[in-house]
Amino acid sequence: MFSFKEQVEIKEKLIEFAQKSLIEDITKLDLQEEFNLEGWRKCAAWGIMGMPIPQEYGGKELDSLTTIYALEGLGYGCKDNGLLFSIAAHIWACEFPILTFGTQEQKLKYLPSLVKGEIIGGHAVTETEAGSDVYNLKTTATRKGDRYVLNGSKIFVTNGTIANLILVFANLEPALGKRGITGFLVEKDFPGFIVKKKMSKMGLRTAQMAELLLDNCEIPVSNRLGKEGAGMAIFSHSMEWERGFILASAIGSMERLLDQCVQYAKQRQQFQQPIGKFQQISSKLVDMKLRLETARGLLYKFGWLKQMGKSAFMEAAMTKLYISESWVQSCLDALQIHGGYGYLTELELERELRDALGSRVYSGTSEIQRQIIAQFMGL
Ligand SMILES: Cc1cc2nc3c(=O)[nH]c(=O)nc-3n(C[C@H](O)[C@H](O)[C@H](O)COP(=O)(O)OP(=O)(O)OC[C@H]3O[C@@H](n4cnc5c(N)ncnc54)[C@H](O)[C@@H]3O)c2cc1C
């Protein structure tokens, strides 16, 4: 476990790394919906993709809270939320399920190259008829000798066009309903794995998203993740981790936005005084600060629970819900504080808002997070 002093140092190192090295033209990449490959390589070289992964697989083996501090620093220093989203999908939706449910052979085969960023990971569960109602998925798997054959299609797959390895969920025994769902580690070169089309979206545009087709896609039995029928447990476990950690970098973004807004409110003069002297502006800044600190508190509590080895399914839902809603509102406030300049592309606030809006949908919508929390409250 790292000390608080070390955690703060790691956060500062990541801010410095991101501000000095992740200097690609994000406005251009966003416009062209291009993956930030340079940024990906630099993050991989720093060891970001392996932060929570044990050293025996090449990772940095940071504990949960230290990983959170590092991701916060990254979010503060790096404005490419699409890149950070790609990295988050890679870590929480691919590396982590392999680490938790994989055989030693699978871990040794995939984790070192995922950690080095040499291969890109993702996961595919969503289908046209299975969004929030995710276990209603229709992709099937059939055992044939030493292989499984997968048939179906997946949508909204983050990293879909560029991933080398995708954790695909399919149903082996549809008659069993969700208890038939099973996870498979699908390599992009397996026969029958097809990237059907790239999906365009309003924000996080440097993160690549795809619709995938599994057309008699053949998977060796050794690439099944966990037992037959364990898919629901794997998915639910990885959602807990993903929901808890995926917006740690958004806390950094919110802190950066707040600093930028405070500075602007002190410097921008209207009616012969700084706009920060108007209570309607300072109230917005106070609300941004409150949102940041309360969201951070939820995130740290989640990180602490995971560090203690506790289950934190409800806390993950609260963390995801509160950070995503706060991030969107703080982006709106930041735009308003900057007036007409905030609306300009070059100020990069409109992109931040577009990026933030996605967080209310991925990893389970805000409505679904509320439903989970309500269930834990016995409702
Ligand atoms: C940027 C982004 C990245 C994504 N990445 C991935 C990925 O890598 N892999 C992957 O598999 N999927 C991914 N997804 C898909 C994502 O998980 C789904 O979009 C999400 O779960 C919602 O499903 P849906 O879009 O079908 O909406 P629907 O489920 O159709 O929901 C439509 C609306 O109805 C509401 N609703 C639905 N059910 C209920 C209910 N029971 N109670 C109250 N309201 C309800 C929803 O909250 C929403 O407002 C991604 C999505 C986005 C936007």
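## Elements around the ligand

Helices and strands are here DSSP runs, numbered from the N terminus; a helix (H or I) has at least four residues and a strand (E) at least two. The model is predicted. Three such elements, strand 1 (121-124), strand 3 (147-158) and helix 13 (366-376), each supply at least two residues of the shell around the ligand.

Domain 2 (122-229) gives residues to this shell, and so does domain 3 (247-376); the ligand therefore lies between the two domains.

## Composition of the shell

The ligand is surrounded by 17 residues, with T126, S132, F156, T158 and T365 as the closest. By class, nine residues of the shell are nonpolar, seven are polar and one is charged.

The side chain of S132 has an N or O atom 2.6 Å from an oxygen atom of the ligand. For V125, a backbone N or O atom is 2.9 Å from a ligand oxygen atom.

The ligand on its own exposes 970 Å², of which the protein buries 65%.

## Location

The site of the ligand is the largest pocket.

Terms used. Residues numbered from 1 in each chain as written. Predicted model: local features only at pLDDT ≥ 70, side-chain atom pairs only at ≥ 80, totals over all residues. Heavy atoms only, no water. Near = heavy atom within 4 Å. Polar contact = N/O pair within 3.5 Å; in protein donor to acceptor, adjacent residues only side chain to side chain. Areas by Shrake-Rupley, 256 points an atom, 1.4 Å probe, with all protein chains shown as cover. 1 Å grid on protein atoms, 1.4 Å probe; cavity = no way out; pocket = protein on both sides within 12 Å on 5 of 7 lines; lining within 4 Å. Sits in = over half its atoms within 2 Å of the grid points. Nonpolar A, V, L, I, M, F, W, Y, C, P; charged D, E, K, R; others polar. Domains from an automatic or database assignment.
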